[in-house]
Amino acid sequence: MKPDLTRALLRPLYLILVLGLMIAAFKVTLAWWRDEISLTEDGNWIWVSLFPLLLVVWWRYFSIFGCKEPACLLPNEKD
């Protein structure tokens, strides 16, 4: 299989994985923020520390603000 095709097929799977992890991390982070859970129990500190990292990954690789595809880039301004 061509590398471009493999990359195009795996991108939606990576997006689903990142969004699923981000939702789980958001729920734990929100519960921690409201003092409903403690960071020391059940490894909650992992989810709280993973949340900003997942946001950065989503922003850079999946959002429209971090898109580096040719269709997302502005055309060069003609002088």
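Mentor: Terms first: helices (H or I, at least four residues) and strands (E, at least two) are DSSP runs, numbered from the N terminus. This is a predicted model, where local features need pLDDT of at least 70, side-chain atom pairs count only at pLDDT 80 or more, and totals for chains, interfaces and linings use all residues. Residues are numbered from 1 along each chain as its sequence is written, and side-chain values use heavy atoms, with hydrogens and water left out.

Trainee: How many helices and strands does the chain have?
Mentor: There are 2 helices and 0 strands.

Trainee: Which residues of H2 are buried?
Mentor: Asn44, Val48, Phe51 and Leu54. Buried means under 20% relative accessible area, with a 1.4 Å probe and protein chains only. Those H2 residues pack against H1.

Trainee: And what is leucine 54 in contact with?
Mentor: Leaving aside neighbours within four places in sequence, leucine 54 is in contact with Val18, Leu21, Met22 and Ala25. Contact means heavy atoms within 4.5 Å.

Trainee: Which residues make up the largest nonpolar core?
Mentor: Val18, Met22, Ala25, Phe51, Leu54 and Phe62, 6 residues in all. Helix H1 (3-33) and helix H2 (44-61) are the elements that give two or more residues to this core, and H1 has the largest share, 3 residues. A nonpolar core here is a set of buried Ala, Val, Leu, Ile, Met, Phe, Trp, Tyr and Cys residues joined through side-chain atoms within 4.5 Å.

Trainee: Different topic. Where does H2 bend?
Mentor: At phenylalanine 51, by about 30°. That is the angle between axes fitted to the seven residues ending there and the seven starting there. Proline 52 follows within four residues.

Methods: Buried < 20%, exposed > 50% of the residue type's maximum accessible area, 1.4 Å probe, protein only.
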